[in-house]
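Here are some friendly notes to read with the model open beside you.

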Amino acid sequence: SRAYMHRRLNNTAAARADIAAALKAGADSAAVNRLLCALELDARNYSGALSLCDQAINTSPDWAMAYNTKSVILTSQGKYQEALPVIDKGLGFSPNNVSLLTGKAQALNRRVAGADFRAHRVQSTCSSRPLRYSPSG
């Protein structure tokens, strides 16, 4: 669509105008909400993007790409644990969806990497000297 192309060209105002025209013409509201959601995500308005994405899911609950978009919003905020069930829900509708499968791998990887980083940080801030193992307790 023209709105999508305007978004890719970073012309947000034109994209929004095209979206408004598409809504007047009776375009699929789930697809329009997903595109509006992408514009909000581009602007780093995560709460607005999440709200629009939830509207798309409520309108078309079996649309796997809406779940993918929601997972992108969550992972963009570092909410990997929250993103995983959203991804799994989308995979329930489209088990071979490459975007969802890739998103799941990235969320799992980042969640584990984040836990390793936090564990290292706790250990390094708890003591200025190395921890030593003592079998006697």
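This is a predicted model: local features need pLDDT of at least 70, side-chain atom pairs count only at pLDDT 80 or more; totals for chains, interfaces and linings use all residues.

1. The axes of α3 and α5 lie 11 Å apart, and the two helices pack at an angle of about 15°. Angles under 35 degrees count as roughly parallel, so α3 is roughly parallel to α5. In passing α5, α3 makes a left-handed crossing.

2. Which residues make this contact? From α3 come R34, C37 and L41, while α5 brings M65, A66, T69, V72, I73 and S76. Sorted by class, the contact of α3 with α5 has 6 nonpolar residues, 2 polar and 1 charged.

3. Next, look at α3 together with α4, the helix of residues 46-59. Their axes come within 8 Å and cross at roughly 165°. Angles over 145 degrees count as roughly antiparallel, and α3 and α4 are therefore roughly antiparallel to each other. Here, too, you can look for a left-handed crossing, as α3 passes α4.

4. On the α3 side they are S29, A30, N33, R34, L36, C37, E40 and L41. On the α4 side they are Y46, G48, A49, L52, C53, Q55, A56 and T59. By class, the contact of α3 with α4 divides into 9 nonpolar, 5 polar and 2 charged residues.

5. Now turn to α2, which covers residues 12-24, and its packing with α3, residues 29-42. The angle is about 165° and the axes are 11 Å apart, which makes α2 roughly antiparallel to α3. The crossing of α2 past α3 is left-handed.

6. What does each helix bring to this contact? For α2 the residues are T12, A15, R16, I19 and L23, and for α3 they are V32, L35, L36, L39 and E40. The contact of α2 with α3 has 7 nonpolar residues, along with 1 polar and 2 charged.

7. Finally, please find the largest pocket, which holds about 380 Å³ of space. It is lined by 18 residues, and those closest to its centre are Y4, R7, R34, L35 and A38.

8. Which helices supply at least two residues each to the lining of the largest pocket? They are α1 (2-8), α2, α3 and α5 (64-76). The largest share, 7 residues, comes from α3. By class, the lining of the largest pocket has 11 nonpolar, 3 polar and 4 charged residues.

Conventions
Residues are numbered from 1 along each chain as its sequence is written. Side-chain values use heavy atoms; hydrogens and water are left out. Axes are lines fitted to C-alpha atoms, for helices over the stretch in contact, and angles run from 0 to 180 degrees between N-to-C directions. Helices (H or I, at least four residues) and strands (E, at least two) are DSSP runs, numbered from the N terminus. Angles under 35 degrees count as roughly parallel, over 145 as roughly antiparallel, 65 to 115 as roughly perpendicular and the rest as oblique. A crossing is left-handed if the near helix is turned anticlockwise from the far one by less than a right angle, and right-handed if clockwise. Contact means heavy atoms within 4.5 Å. Ala, Val, Leu, Ile, Met, Phe, Trp, Tyr, Cys and Pro count as nonpolar, Asp, Glu, Lys and Arg as charged, and the others, Gly among them, as polar. On a 1 Å grid over the protein atoms alone, a cavity is a set of points where a 1.4 Å probe fits but cannot get out, and a pocket is an open set with protein on both sides within 12 Å along at least five of seven lines; lining residues have an atom within 4 Å of a point. Grid points are joined across faces, edges and corners, and a volume is the space filled by probe spheres set on the points.
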